[in-house]
Amino acid sequence: MRVEALDGAQPIVEATLSGEPVRLIVALDAPAFLLVNASTAERAGLRATPLLSRGVSIQIRDEATLRGRTGRPRLSVGSAAGIRRRAIWIPDYEFTPLADGYVGLGALEAFDQIELIMDASAPETAATVLPGKRGLLEWRFEASSTLGAVDLGLSLIQRTHLDRRIFRQAEQTGLVDEPLPDAVDEPIGMFAMGQALLHPNHGLLIAGYFPQMLAYQLSNAELAMHEAQTGSGHAERIDVITITERSGANRVPRASLGRDVLRQCARLVFDLQDDSVTLWCPEGLHGDGPTE
């Protein structure tokens, strides 16, 4: 499947949801299911799974808890056969004004490959291939950095960022400077906003790329999902979505190449058969600072 994300636009696919035409943003950092606007769920006549929907909630940094619904509508994209996918919607809540919702890469596994075109006129550059691993929420990729191995995420929504542990290592080794005085609001996952400070980068490379500016997420949060036991005794992977502090000293540090880097690439190709991504990006790629 080929999807264009030209001129800073989000990659959007035309699909049907329970037979209703919809437009969905292919979100690289979205969970492996659907996040559907409330108006879209109503238009498509989505039906909730009563037992599972009792436990669906999204907690935003202990500030608000949104109660949602979940079901398994049939999703059809392009020529691929329709398949039932887990979807979440929240009454009276719109996830995005740009489309009818989000679809994660893992929900598009009916395709062998997904190619995202950023700049159709860009010359071919050296390719970087990163092996991937499918997590409960999103794809992560195995990458190297100046400070060692990292679990790498990709995002066209957020700027490049690091988790707290790897950032402190970069700070201690002089790879990043003191933060600039301006603070920005930065999305954490799909659901929350956290304050971030911008830091000049003087030598930290991630997967061979050199982001000029790094957004340090002060809240250092991640999404965690828990399994719910259904009445039939088998586990479903949707019940509660919470934002929790990262913990665990033995965890591989996490980083994310964001829109400030990826928007300069020609294309990205996700291979859903061998769980890898190939990036065609300019040599010596660096970020250009905050953009709207």
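Reply: A disulfide is taken here as a pair of cysteine sulfur atoms within 2.5 Å. The model is predicted, so local features need pLDDT of at least 70 and side-chain atom pairs count only at pLDDT 80 or more, while totals for chains, interfaces and linings use all residues. Residues are numbered from 1 along each chain as its sequence is written, and side-chain values use heavy atoms, with hydrogens and water left out.

By the sulfur criterion there is 1 disulfide. It joins cysteine 265 to cysteine 281, with an S to S distance of 2.0 Å. The link of cysteine 265 and cysteine 281 is right-handed, with 90° about the S-S bond. Cysteine 265 lies in the loop between α4 (259–262) and β23, and cysteine 281 in the segment after β24 (276–280), so the pair ties together parts that are 16 residues apart in sequence. Helices (H or I, at least four residues) and strands (E, at least two) are DSSP runs, numbered from the N terminus. Cysteine 265 is buried, at a relative accessible area of 1%, and cysteine 281 is buried at 3%; buried means under 20%, exposed over 50%, and partly exposed in between (1.4 Å probe, protein chains only).

A salt bridge is a side-chain nitrogen of Lys or Arg within 4 Å of a carboxyl oxygen of Asp or Glu, and the count comes to 6 salt bridges. Among them, arginine 2 pairs with glutamate 115, the closest N and O atoms being 3.8 Å apart. Arginine 2 belongs to strand β1 (residues 2–4) and glutamate 115 to strand β12 (residues 113–117), so this pair ties together parts that are 113 residues apart in sequence. Arginine 2 is exposed, with a relative accessible area of 53%, whereas glutamate 115 is buried, with 18%. Glutamate 115 also forms a salt bridge with arginine 267 (2.9 Å, N to O).

Another salt bridge joins glutamate 109 and arginine 85 (3.0 Å, N to O). Glutamate 109 lies in the loop between β11 (101–104) and β12, and arginine 85 in the loop between β9 and β10 (87–89), so parts that are 24 residues apart in sequence are tied together. Glutamate 109 is partly exposed, with a relative accessible area of 37%; arginine 85 is buried, with 13%.

Strands β9, β10 and β11 are among the members of an open sheet of 8 strands with mixed pairing, in the order β7-β10-β4-β11-β3-β2-β8-β9. The edges are β7 (69–71) and β9 (83–84), each with a single partner strand, so one side of each has no neighbour in the sheet. Two strands pair if DSSP finds at least two bridges between them. Strand β8 (residues 74–77) runs antiparallel to β9, and 2 bridges join them. Arginine 74 stands opposite arginine 84 in β9.

Elsewhere, aspartate 163 is placed in the loop between β16 (161–162) and α3 (164–172). Aspartate 163 is buried, with a relative accessible area of 5%, and its side chain reaches the backbone nitrogen of arginine 165 at 3.2 Å.

How values were computed. A polar contact is a pair of N or O atoms within 3.5 Å; within protein, one must be able to donate a hydrogen and the other to accept it, and residues adjacent in sequence count only if both atoms are side-chain atoms.
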